[in-house]
Amino acid sequence: MEPLLTGRPPDLEVRDVMGVEPGQVRVFRDPNAQLRLTLLDDRSYLHVKAMAAFPLTEPTRHIGLADGQNKQICLVEDLAHLDAESRRWVESLLESRYFSPRILKVAQATDEFGVVRWKVETDRGERGFYVRNLRDNLLDLPGGESLMTDVDGNRFILPLLTDLDKESRAKVLAVL
């Protein structure tokens, strides 16, 4: 008779990602300009990635840090608990992962057979893009703003209509 399987496979590394104290986490660039994560008194990891559990509603809380093979290293409850340098690097990783320019002004918004052609000024410069089925590709955010996804998967933050100038507001309302 074979013994019951009561444990986990021996090659599976189990880590208590919740049990890591923020003071133990250090994210930095090494002398070779490689971004690293070190858990003090434990080990170091190369190719660090950061993922937010709730990127739209709580972008600085519940941040998962993973290695180059997407294996989770630890979970940081709040970025405010990290040292300043580590916080800057993690914020940089999150910014590149969840890049969403904010629309400041709308130069053009025209609906052509269910596809809206946009020409806008964002906080990252002028952009032109297309959004298919606009209502299906708008996600309401807390506070009344919207997250708009274009045909290429790029995301843009559409502010409250009251935050746009009169001409921009009229162009947005014409396609909604």
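Colleague: Which members of the largest nonpolar core touch the most other members?

Modeller: A nonpolar core is a set of buried Ala, Val, Leu, Ile, Met, Phe, Trp, Tyr and Cys residues joined through side-chain atoms within 4.5 Å; buried means under 20% relative accessible area (1.4 Å probe, protein chains only). Here the largest has 20 residues, and Val-25, Leu-37, Leu-39, Ile-63, Leu-65, Cys-74 and Val-90 touch the most other members. At least two residues each come from strands E1 (25-29), E2 (35-39), E4 (49-52), E5 (61-66) and E6 (72-78), and from helix H1 (84-97). Another core, of 15 residues, lies apart from it and includes Val-116, Trp-118, Met-148 and Phe-156. The model is predicted: local features need pLDDT of at least 70, side-chain atom pairs 80 or more, while totals for chains, interfaces and linings use all residues. Residues are numbered from 1 along each chain, and side-chain values use heavy atoms, without hydrogens or water.

Colleague: How many bridges join E5 to E6?

Modeller: Strands are DSSP runs of at least two residues, helices of at least four, and two strands pair given at least two DSSP bridges. E5 and E6 run antiparallel, with five bridges; Ala-66 has Gln-72 as its bridge partner. Five residues lie between the strands of this hairpin, where Asn-70 takes a positive phi near 65°.

Colleague: Which residues are closest to the centre of the largest pocket?

Modeller: A pocket is an open set of points on a 1 Å grid where a 1.4 Å probe fits, with protein on both sides within 12 Å along at least five of seven lines; lining residues have an atom within 4 Å of a point. The largest pocket holds about 490 Å³. Pro-55, Pro-59, Tyr-98, Ser-100 and Ile-157 are closest to its centre, among 22 lining residues. H1 and strand E12 (155-158) each give two or more of the lining residues, and H1 has the largest share, three.

Terms used:
Buried < 20%, exposed > 50% of the residue type's maximum accessible area, 1.4 Å probe, protein only. Points joined across faces, edges and corners; volume = space filled by probe spheres on them.
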